[in-house]
Amino acid sequence: MNVTKIPHPFYPVETEIVGYLANEWSVPTLLAVFAAGWAVILGITSALVKRHNPSLPSGEKAAILWFVLSGTIHLFFEGYFAFNHTRMGGMQDLFGQLWKEYSLSDSRYLTSDPFVLCMETVTAVLWGPLSFVVAWYITKQHPLRYPLQALVSIGQIYGDILYYATSMFDHYHKGLTYCRPEGYYFWCYYFFMNFIWIVIPGYLLYQSIDATAKAFRALDKMSKSLQGNGNVKKIN
């Protein structure tokens with residue numbers, strides 16, 4: 001029996017997208033609803049931070065907003081994909097249509113690609129909840145803030161590098177292209193939207209390493225000072 005493949009706009013063109021349905025909402029509508037949701041979430045977060053720790057510097061507040069943004073995307077948006085990966089082609093709710101729009105730059109999200117599925121699952125399960133923990137720790141100035149900030153940032157950078165690398169390997173070694181030929185899908189969706197999770201985590205990782213180094217230098221200086229005072233007392 002011949003099975004008729006459902007036509008779709010994704011690459012490679014011969015890829016079978018199970019149960020594919022074209023998006024019902026336009027791209028501007030999807031982006032507007034998504035942006036409005038972020039405005040509400042970040043607005044509430046900002047208000048809560050001002051309530052719990054109004055004296056926080058603006059840089060710390062920005063870091064909190066970043067981790068809340070990351071946590072929400074990792075846990076809910078990427079978690080949505082991990083849970084629904086076998087039926088993404090036919091999903092017509094907000095997240096489903098957003099994923100189909102993004103998949104024009106990387107069709108692996110519509111074919112249960114093993115790497116993408118495993119990477120997104122780890123991201124949702126680990127980096128999602130931990131991002132919220134880091135945001136709370138920054139608000140409360142908790143001593144574990146920098147170790148956990150470094151851990152989450154390394155995880156984000158590592159996942160992004162592997163995400164780029166596996167796609168580029170398939171493109172150059174296997175001749176498989178998952179992105180449509182229009183430049184904005186590659187540069188805006190595939191490159192820019194993911195590169196953000198290298199640049200900002202890279203800065204936060206540097207900040208964590210620098211803070212840790214300063215703490216150990218201060219501890220070492222204090223230890224030497226105490227040892228010196230002890231020797232003086234013994235001589236007296």
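# Buried residues and aromatic pairs

Tyr164 counts as buried, at 14% relative accessibility. Buried means under 20% relative accessible area, exposed means over 50%, and partly exposed lies in between (1.4 Å probe, protein chains only).

The model is predicted, and local features need pLDDT of at least 70, side-chain atom pairs count only at pLDDT 80 or more, and totals for chains, interfaces and linings use all residues. Residues are numbered from 1 along each chain as its sequence is written, and side-chain values use heavy atoms, with hydrogens and water left out.

**Aromatic pairs**

A search of the whole structure finds 23 aromatic pairs. One of them joins Trp99 and Tyr109, whose rings are stacked at 4.6 Å centre to centre with 20 degrees between the planes. Trp99 lies in helix 3 and Tyr109 in the loop between helix 3 and helix 4, so this pair ties together parts that are ten residues apart in sequence. Tyr163 and Tyr164 form a tilted pair, 6.2 Å centre to centre with 45 degrees between the planes. Rings of Phe, Tyr and Trp (its six-membered ring) pair if their centres lie within 6.5 Å; planes under 30 degrees apart count as stacked, over 60 as edge-to-face and the rest as tilted. Helices (H or I, at least four residues) are DSSP runs, numbered from the N terminus.

The table gives the relative accessible area of selected residues.

| Residue | Relative accessible area | Class |
|---|---|---|
| Tyr163 | 1% | buried |
| Tyr109 | 2% | buried |
| Trp99 | 4% | buried |
| Leu104 | 8% | buried |
| Gln92 | 21% | partly exposed |

A ring also takes part in another arrangement: the charged end of Arg145 sits over the ring of Tyr146, 4.2 Å from its centre. For this, CZ of Arg or NZ of Lys must be within 6 Å of the ring centre and within 35 degrees of the ring normal.

In soluble globular proteins, nonpolar side chains tend to be buried together. Here the largest nonpolar core has 45 residues, and those with the most contacts inside it include Trp99, Tyr109 and Tyr163. Helices 1 (27–52), 2, 3, 4, 5 (145–174) and 6 (183–235) are the elements that give two or more residues to this core. The largest share, eleven residues, comes from helix 2. A nonpolar core is a set of buried Ala, Val, Leu, Ile, Met, Phe, Trp, Tyr and Cys residues joined through side-chain atoms within 4.5 Å.

Contact means heavy atoms within 4.5 Å. Leaving aside neighbours within four places in sequence, Trp99 is in contact with Phe77, Glu78, Tyr80, Phe81, Met88, Tyr109 and Glu120.

Glu101 is also found in helix 3 (residues 94–102). Glu101 is buried yet has no salt bridge, and Arg180, the nearest side chain of opposite charge, is 8.8 Å away. A salt bridge is a side-chain nitrogen of Lys or Arg within 4 Å of a carboxyl oxygen of Asp or Glu; Lys and Arg count as positive and Asp and Glu as negative, while His and the chain ends are not counted. Beyond four places in sequence, Glu101 is in contact with Asn23, Val27, Tyr185 and Tyr189.

Leu104 lies in the loop between helix 3 and helix 4 (114–140). Although Leu104 and Tyr11 are 93 residues apart along the chain, their C-alpha atoms are separated by 7.4 Å.

Gln92 is found in the loop between helix 2 (58–84) and helix 3. The C-alpha atoms of Gln92 and Ser225 are 65 Å apart in space, and the two are 133 residues apart in sequence.
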